[in-house]
Amino acid sequence: KPREGEVDGVHYRFASPQEFQELVDEDGLLEWATYGGNCYGTPRATVEEHIACGDQVILEIDVQGGFQVRDKFPSAHLVFIEPPSLDVLEARLRGRGTETEEVIASRLKRALEESEEMESYDYILVNDTVDQCVEELHHLIQSQHLKAGNSRTLMDRIKTELHELAESL
């Protein structure tokens with residue numbers, strides 16, 4: 001169910017349990033999990049459309065979902081974003097004012113479980129302040145564009161130009 005202020009199709013796409021199960025059964029989700037009593041998933045078609053257009057796709061998903069994505073897209077980069085401490089995480093959860101004590105306890109337990117998987121990730125960022133974490137994530141994404149393997153078109157163009165230049169000399 002949407003939290004206060006969340007809008008279907010803007011913040012998330014909200015679905016009934018039956019609709020969600022149909023997507024799971026039809027392999028219509030790239031990844032999915034149950035978290036805090038709610039089901040979450042990423043529509044496969046949406047991600048594949050963006051990738052086909054050459055877009056960079058960023059998913060905000062849990063550890064289980066990250067591994068599902070990596071299974072389907074081995075070149076995916078997994079970034080583990082963690083709070084500076086468990087106390088800060090608890091304060092943030094409580095500060096929302098939307099979670100019950102049971103949900104807070106469940107999320108803290110889940111954080112511990114997920115921390116056991118950090119070593120399987122490619123990068124780890126600490127979300128001390130949102131602006132700093134976003135900036136670090138932006139730099140990380142930009143650095144991926146600089147990898148030689150991600151610059152095939154540029155490398156081909158440079159080689160072609162150099163071969164043409166060499167032939168004209």
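In the predicted model, a salt bridge joins the side chains of D62 and R110, with an N to O distance of 2.5 Å. D62 is located in the loop between helix 2 (44–52) and helix 3 (63–72), whereas R110 belongs to helix 5 (residues 101–115); the pair therefore ties together parts of the chain that are 48 residues apart in sequence. Both partners, D62 and R110, are buried. Buried here denotes a relative accessible area under 20%.

Across the whole structure, the search returned 10 salt bridges. Among them is the contact between R94 and E101, in which the closest N and O atoms are 2.5 Å apart. R94 has a relative accessibility of 37% and so counts as partly exposed. E101, by contrast, reaches 53% relative accessibility and is therefore classed as exposed, the cut-off for that class being over 50%.

A further salt bridge is formed by R157 and E161, whose closest N and O atoms are separated by 3.0 Å. Both residues of this pair, R157 and E161, are part of helix 7 (residues 152–168), where they are spaced four residues apart, about one turn of the helix. The relative accessibility of R157 is 43%, so R157 counts as partly exposed. E161, at 42% relative accessibility, likewise counts as partly exposed.

Salt bridges also occur in a network, which links R3, R96 and E99.

Notes: Residues numbered from 1 in each chain as written. Predicted model: local features only at pLDDT ≥ 70, side-chain atom pairs only at ≥ 80, totals over all residues. Heavy atoms only, no water. Salt bridge = Lys/Arg side-chain N within 4 Å of Asp/Glu carboxyl O. Helix = DSSP H or I, 4+ residues; strand = E, 2+ residues; numbered from the N terminus. Buried < 20%, exposed > 50% of the residue type's maximum accessible area, 1.4 Å probe, protein only.
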